[in-house]
Amino acid sequence: MTIIRLVTREIMKKLTNKELVKVYYDELWNKQNKDYIDILFDDNITFHGSLDIDVKGKEQFKQYMDTILTGIPNLFHSIVTMVSEGDTIAVKALYNGRHTGKLFEFEPSNNKIAYSGASFFKFRDGKIDLAGGIGEDAY
C-alpha cells in the first residue's frame, strides 16, 4: 500500500457519511478514480444500479462501473439534494453524459443523455455497505 493510499484511508475515517457520499460521486464516479472502491466500500457491498443491475462485492462493482463508463465515458453525477437519517443517506441526483461507446447491447448513438434519479446508501463501520439507485426521466 502506498503512503498516499494510507493517508487517504486515515482522512476518510474522519469524514461524515454525507461527506463520504460526496466523495463517492466526486472522486469515484466523476473523476473515475477506482482506488476509492477499496476505500469507500465494505468488502461485501451490495449495489443495485439505476439500470436494474445488481452486483455484490467490490470486483462486481468495478465491472459494473467499467460497463457504464464504456458506454458513457463522460458520465457526470450532480447531487441535487441529500438527506441523512442515522446510518442511511438518500440522494436526489442528476446524471449527464454522452453515449459514445457500446452500453450493453446498445451501439453508440452519440446522443446526450440526462436523467434524474435517487440513490440510497447504508453505512456499516464507516463504509458503504448497501447502495442503490432508481433512475427516471431520461431524455
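User: Which residues of helix 2 are buried?

Analyst: This is a predicted model. The buried residues of helix 2 are Leu 20, Val 21, Val 23, Tyr 24, Tyr 25, Leu 28, Trp 29 and Asn 30. As a general idea, an α-helix has 3.6 residues a turn, so residues three or four places apart point the same way.

User: What span does helix 2 reach, and what span is expected?

Analyst: Helix 2 covers residues 17-30, 14 residues in total. From first C-alpha to last it reaches 18 Å, close to the 20 Å expected at 1.5 Å a residue.

User: Where does helix 2 bend?

Analyst: The bend is at Val 23 and amounts to about 25°. Val 23 is also among the buried residues of the helix.

User: What follows helix 2?

Analyst: Gln 32 follows helix 2 and has a positive phi, near 55°. Lys 31 is in the loop between helix 2 and helix 3 (35-40).

User: Does Lys 31 count as buried or exposed?

Analyst: Exposed means over 50% relative accessible area. Lys 31 counts as exposed because its relative accessibility is 57%. Its side chain makes a polar contact of 3.1 Å with the side chain of Glu 27. Lys 31 and Phe 76 are 45 residues apart in sequence, with 8.8 Å between their C-alpha atoms.

User: Why does His 99 count as buried?

Analyst: Buried means under 20% relative accessible area. His 99 has 10% relative accessibility, so it counts as buried. His 99 lies in the loop between strand 4 (88-98) and strand 5 (112-124). A polar contact of 3.0 Å links the side chains of His 99 and Ser 109. Beyond four places in sequence, the contacts of His 99 include Gly 71, Ile 72 and Phe 106.

Technical notes. Residues are numbered from 1 along each chain as its sequence is written. This is a predicted model: local features need pLDDT of at least 70, side-chain atom pairs count only at pLDDT 80 or more; totals for chains, interfaces and linings use all residues. Side-chain values use heavy atoms; hydrogens and water are left out. Helices (H or I, at least four residues) and strands (E, at least two) are DSSP runs, numbered from the N terminus. The expected span of a helix is 1.5 Å times one less than its number of residues. The bend at a residue is the angle between axes fitted to the seven residues ending there and the seven starting there. Buried means under 20% relative accessible area, exposed over 50%, partly exposed in between (1.4 Å probe, protein chains only). A polar contact is a pair of N or O atoms within 3.5 Å; within protein, one must be able to donate a hydrogen and the other to accept it, and residues adjacent in sequence count only if both atoms are side-chain atoms. Contact means heavy atoms within 4.5 Å.
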